[in-house]
Structure formats: C-alpha cells, structure tokens
Amino acid sequence: MSATTANESTSQSETAAEVVGRLRATFNTGVTRPLDWRVSQLQRLRALLVENEKELLEALWADLRKNAAEAKMQEIDLTVREIDETLANLESWLTPRPVEVPAYFGPATTAYTTYDPLGVVLVIAPWNYPLHLLIAPIIGALAAGNTVVAKPSEISVHTSAVASRLLRQYFDADVLAVVEGGAEETTALLAQRFDHIFYTGNGTVGRIVMAAAAKNLTPVTLELGGKSPVYVAPDADVDETAKRLAGVKFGNAGQQCIAPDYILADPATAAALVPALRAALEAEFSATPQTSADYGRIINERHFDRIAGLLESGRAAVGGQHDRDDLFIAPTVLTDVDPASPAMQEEIFGPVLVVVEVEDLDAAIAFINERDKPLALYAFTTSEATKSRLVNETSSGGVAWGQPAMQLLMPGLPFGGVGESGMGRYHGLYSFETFSHLKGVADVPLS
Ligand code: NAD
C-alpha cells in the first residue's frame, strides 16, 4: 500500500484543542461510518506493521533489548492477527441484530440493535509493550468508526518515535493524530472532551485519567496492573510447572502487566519448586543470563532502582545479581518474604518471582481475597475441583491454568482487569464493543 503523507506535517505546536477539533470535524462528516472506510484504515495499520517490521524490531531492541523473535511474536504478529480477526468479522459485527418483539406490540412492530461509533477517542499507551499496547486499542477504535488521538509512552523513546513517525506517514492527520510527550502533554489532552479514553498503565495515573474524564462524562477503559498470583498445587508436575513459569515470567525481563508476581504453594511444593525454577532458568537463559541474547533489560534507571530495592524484601534463592550500568537484573526467585514487605505490597513488574508458603488451597484462596483484585490468576494443578474452587471463589481480570498469559493470547477471550487491576475489556469483538455504542431501535409502522 502506498503511504499517505498528509499527516507528516502535523505540528507538535498545534494545541490539544485544535487536534481534537480537527478530528471531530472529520467524524461529523460521517466519512468514518461505512464499512469500506473502516476496512481501508485497518489495512493501513496492517501495512504499517508488516512493511516496517525491521525498523520496529530495532527500536524495541534499543528500548528493552527485546530479542527479535520474541518482539516479532508479541509486538508485531499478535497485533497483525488482531487486525486480521477484526477484518474477518467486522461486517458481521456491524450487521444490525433483530430483537424479538412481544406479540402485544402487534405483528408489524420490529426492533433491532446496531453499533454506533462514539466519535473522537484517546488512546494512551505505556512503555513495556510500546508497540502492541499502542496499536491494539487503535484497531478497535478504527474498526468501530472513530477518529483517534494516539499518545505513545515517552519512556520507550525509540519505539515511540518510530511508531509516531509511521502513524503520521500512513494515516491522514484528520483521522488519526499522534501527540507525543509525557505528563504535561497528556494533561493538556485530558482537558479536552473525548468520547472514550482508553488508558493502559499504572493505577495512580489511571485515577488522574478517570477524574479528568468525569468532567466530560467520558467513559474510560483502564488497563492497569497488579500482583498476579500463581497457585501451585501439590499435584502439579513441579519441573513442567517451573519450565512454563520461567518461559513466561522472565520474558521482557518480567516487565509485563500479566506476569506471574508471586507463587502460593505449600511448604513441600515450594521447596521442590525452587531448584526446579533454578534449572528451568538456566535452560532458558544459561547460567550467565547477562550474556544471553534472549534476556531483556530494565527500561531505565528509575525502574532498575525500584526493582533492585525489592530484592531487599527476601532471600534470593535463585539469581539476585544486578548491574545498574547495564540495566540488568538476573532472573530472581525470592523466598522468605514477609507479606508486609515492599515486594509483597507493590506490583513487581520486573524479573523477580516471590515464593510464599501457604498451608493449603483454603489458605491460598484467603490470601488472594485479602488483597486487591489482580489482573490475572494462574494455577498449576491436575485437579478440576481445585480449578473450580479458584475460579469461583476469587476475583481477577482473567484466569489461565497450566500456562500463564494464555488468557491474553486466546482469540475470542476478553482481556481486562477488575477492581484495582482496571475496568473494561478489549480484544476482538470486545474492542469493537468498547469503542461503539450499542443502540436500540424500535419501529412501529404508521399503518
Ligand atoms: P508509563 O509510565 O509509560 O505511563 C503510561 C502512560 O501514562 C504514558 O503514556 C504516560 O505518558 C502517561 N502518563 C504518565 N504520567 C501521567 C500523568 N500525570 N497524567 C497523564 N498521563 C500520564 O507506563 P507505566 O504506568 O509505568 O506502565 C506500567 C504499568 O502499566 C504497570 O502497572 C502495568 O501492570 C500496567 N500495564 C497494564 C497493562 C494491561 O494491559 N492491563 C499492560 C501494560 C502495562
């Protein structure tokens, strides 16, 4: 596809009000409503990702030392799949759905539901998956027929710079505008009236976003984080569990919203798990992970210092080495951690996995329920009864048994948090619904 250059001249000095005003004028013409327009925007987004893969992967390496295979799979292929799924289903989603009419309204009366676009939406992205988490909400926003302001994270400097330039190159500035910057620029944006705000990041800023949105009665989706627990039952195969945990938790150096944060296991299972995790981590990243091309780095000094500080909360039974000049923190398993210590009070968001001993499943459930609702709950068990108790007796954004992160990767499942881990959901149909208004229409014929 040939890229449009209409957006390249978008000036950073344009005020937030002017940007939103331009996008609203576009929306009000009705141009974004037809299926064809939506399809062509999604194809642009797809082309942007596919045609610039190399440059995007280089930027992701520069920001987070994401290895090319992992970055391609998680930041590009996953996003392209989301576009393809949306393209395959959009016509069907847009088809009005008839609703059954009670007989007492007469035989000629009909009713249906139809999805309306909302208008101008704001997407605010974080730095940890700086491409996927910027583009994935935009897919839903465009599919639903909206115009978009995209605000990448200022922290992932390389990826955000490339993504911003490409979005300006591929999209008409009157359809999709990119505003770069940090708190100041975002605050200026939040003073405008949007029709939806989609924010991914931490809960402190989530509250700022929601308070600003409230002034205009703007609905929000908040994709936040939290401490996602993993229950390892006594019946779990410890070596296989350790292998799967090591493979997921330490990708992107643990800087994932859905990363397993701490393990709950009885003392015997916990004791067996620690050496199994050591072996699995060595197999994954070698005995010297600092030299492994597969192992990532912490985004910046501020986050490095925060995570290094968390290591003080317990004993590094595995790992623990760190090197500030290289922003390297080894994959670490922390034991003997007091539940009142920082590592158990705040989201780790780094390559540290805490092992907490609990007596049994009852105690694990109580431990989870005493804390904020997490974004994810994981368990390793062969017992359907255990799974059933966990899913029914706890609350979390999503759940995966046997393989962390599968609840995010599975097409057809909604993704989102609950309570402290966020509000709203997206992916596939759920993204389309997030950025649409489901309108009810009743039709009583005059004759
Ligand atoms: P971040 O620092 O990049 O901030 C996110 C966005 O908020 C950025 O675009 C930033 O410019 C903006 N921002 C920062 N301060 C602001 C302010 N005062 N006013 C308005 N906007 C402001 O990213 P982060 O918050 O460090 O991201 C990490 C957090 O995000 C973790 O808690 C993680 O769990 C969560 N997260 C959640 C998901 C999810 O899908 N649920 C995905 C990734 C990360």
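**Note on salt bridges and pockets**

1. At 10% relative accessibility, Arg168 counts as buried, where buried means under 20% relative accessible area, exposed over 50%, and partly exposed in between (1.4 Å probe, protein chains only). The model is a predicted one, in which local features need pLDDT of at least 70 and side-chain atom pairs count only at pLDDT 80 or more, while totals for chains, interfaces and linings use all residues. Residues are numbered from 1 along each chain as its sequence is written, and side-chain values use heavy atoms, with hydrogens and water left out.

2. Arg168 forms a salt bridge with Glu180, with the closest N and O atoms 3.0 Å apart; a salt bridge here is a side-chain nitrogen of Lys or Arg within 4 Å of a carboxyl oxygen of Asp or Glu. Because Arg168 lies in helix 6 (residues 157–170) and Glu180 in the loop between strand 5 (176–178) and helix 7, the pair ties together parts that are 12 residues apart in sequence. Glu180, at 27% relative accessibility, counts as partly exposed. Helices (H or I, at least four residues) and strands (E, at least two) are DSSP runs, numbered from the N terminus.

3. By this rule the count comes to 25 salt bridges, and one of them joins the side chains of Asp116 and Arg33 (3.5 Å, N to O). Asp116 lies in strand 2 (residues 110–117) and Arg33 in the loop between helix 1 (16–28) and helix 2 (35–51), so this pair ties together parts that are 83 residues apart in sequence. Asp116 counts as buried at 14% relative accessibility, whereas Arg33, at 39%, counts as partly exposed.

4. The second largest pocket has a volume of about 590 Å³ and is lined by 26 residues, of which Met73, Gln74, Tyr129, Ala405 and Leu409 lie nearest its centre. A pocket is an open set of points on a 1 Å grid over the protein atoms alone, where a 1.4 Å probe fits, with protein on both sides within 12 Å along at least five of seven lines; lining residues have an atom within 4 Å of a point. Grid points are joined across faces, edges and corners, and a volume is the space filled by probe spheres set on the points. Helix 4 gives the most to this lining, with six residues. Domain 1 (16–224 + 422–443) and domain 2 (229–412) both give residues to the lining, so the second largest pocket lies between them; the domain bounds come from an automatic or database domain assignment.
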